[in-house]
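Here are my notes on this model, as numbered points. Have the picture open while you read.

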Amino acid sequence: MKKIKIFFQASFATAKKDIISILRYKTWFISVLVWPILMPYTFVFLAKGLAGPTNEGIDNFARLSGTTDYSSFIILGNLTWMFLNMIMWDGGLKLNSSRRIGILDTLWTAPSPRLAYVFGSAISSIVINFSPIVISTAFFSMVKIISFKANIFDLLIYTLSILPFIIGFLFIFSSLTLRSKEANLVVHAVRVILSILCGLQLPIGVLPLFLQKISLSIPITLYMNCIRDSIIKGQGISYHINSLIYILTIGFITFIASIVVFKLTEKKVKNKGLISGY
Amino acid sequence: MKAIEINNLVKRFVSKNEKIVALDDISFSIDEGKIFSLLGPNGAGKTTTIKILATLLLPDSGQAKICGYDVVKNDLLVRKTLGTVLPGERTLFWKLTVKENLAYFSDLYGLNPKYSRKRIEYLLNKFEINDRKDTYVEKLSTGLRQRVVLCRALLSDPRVIILDEPTLGLDPEASRNLRNIIKEIKDEGKTILLTTHYMYEADELSDMVAIINKGKIVSIDTPVNLKKNLDIERNITITSRNFTSNFIENIRQEFFTEVKKEINEDGILKISFYLKKKDDALSKIIKIASEHDIIVDNIALSEPTLEDVFINKTGKKFAEIEVSAK
């Protein structure tokens, strides 16, 4: 019980520290307020271009994606992907930069579980990156580019259900960072693969059949479908109950496995002396 | 109970297919309430020892205990018992204030918020940085920053404190202030394991000193004993206004040594030579001087320093170590 208490105390303290630190950089409002409004326009204009002068591309798009609302489809895919992306990598990248500047070993001399620093970073990523998503979605709904038909409670349930998978993914990535001391290559490679496979910027119908099968086995694809169907078509949780169970099951397995991986990595790192920045 | 106990500790690393023995069966112990310095050239095994004690590294074999807790089996209890200051500029979060940093680390130690607030207040006052509590760490001088680092190490009121190069990069005044703080910490009954590149610092602070070289403890004793038992030549300088060549020849024959002559700024002659053994050298010199009617203004016999001990045991000067480290 005491271990759990100190884990959460350290995690929330890390999240608070990260949030305070980010807010002290004067440019934070650009990423939180300006960027979420400007950036999605690139996708809207791109989509308009691809639709053709008489929107002749829309029928084809609807056949592949299940909706004619290409703007909502693409904007939601990108916003959600940005949100998940930050949670997936941020904690691992922070771990690596802590090691590089030489503070990681100091943190590891404290008696809190070492996973708490990564979990804390995940909490701060969720808090910091949730607001741009809300701002962006609200703005594009207001200007009628996104047709928002969702129940907010449903969106929260979907988002909470994907978190164990995403945080598990983060723990595994953090373990890899600790082992290899190099993170960027993994980030670039996995990010591209997932963005193609999970249909974040494209309908998965355009993928070869065997890739579509792989795509539908990844919880992020199912989460994306839930979010899009909920916002664009107004479908409730009952339409996606199987997806939700699948996301939670895979998420739970990934989360438990990632804790085991992190613990084993921690031991390996301590054995090889890989923790130090000095 | 010993505050720190190390028995037959071994650690090897493999680098580019080459096996490096970082610690080669070292053993030592530290009594509670003492300051113990670990001195050695770069790569001697100091940092490896400290990392094992701080639970950042696992030993290959042997045992290390802090206040009876095994660093491998009871690592969580060890970290609760220990306050650690590791080297480096960035061991605090620069975008947080002094108080925010200390509050953050209190949470990492699982301290009760009420206790933590009181403890932070107490430490800030004790180390005279209460007026800077709301300053960002990036705006503090290196000396003040190091005081905050010490505050952080003391947050949980640990029984044992590891200080790895605590005065590195500090100006002389800040170093002296920090040394005084270290003495105050010792007066509170804490046990301190110190590593330093500054010999005078180890000499001034330590109850015991261990010299480590190539992963082995080559010498361990009190600073006084280490210097006393050192068998090296000591330099002796005699100043007089009426040296005679017979006197100097007599000295040369008596001590089997070369005698160096020099005229100092006031035009007074000074001779110096090395003695193998101190023994009754002074009384012999005085006797020879009186036989030759020499009026001796001054006799100075250099005592060995801890640096002499270090050079003797490791075969390296600290200056050489600094250069090779760069």
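1. Start with pLDDT, which is the predictor's confidence in each residue, from 0 to 100. Helices (H or I, at least four residues) and strands (E, at least two) are DSSP runs, numbered from the N terminus. Among the elements of chain A, helix α11 (residues 241-272) has the highest mean pLDDT, 95, and helix α2 (residues 28-51) of chain A the lowest, 78.

2. Some ground rules: this is a predicted model, where local features need pLDDT of at least 70 and side-chain atom pairs count only at pLDDT 80 or more. Residues are numbered from 1 along each chain, and chains are lettered from A in the order in which they are written.

3. Now chain B, where four strands make an open antiparallel sheet, ordered β12-β13-β11-β14. Strands pair if DSSP finds at least two bridges between them. Since β12 (260-263) and β14 (296-301) of chain B are at the edges with a single partner strand each, one side of each has no neighbour in the sheet.

4. Next, look at where the chains meet: 36 residues of chain B are in contact (heavy atoms within 4.5 Å) with 33 residues of chain A. Helix α3 (98-108) of chain B is one of the elements supplying at least two residues to that side of chain B; α3(B) gives the most, with six residues.

5. Finally, a salt bridge is a side-chain nitrogen of Lys or Arg within 4 Å of a carboxyl oxygen of Asp or Glu. How many does the rule find across the interface of chain B and chain A? Two. Arg24(A) and Glu100(B) meet in a salt bridge through their side chains, at 2.6 Å, N to O.

How values were computed. Side-chain values use heavy atoms; hydrogens and water are left out.
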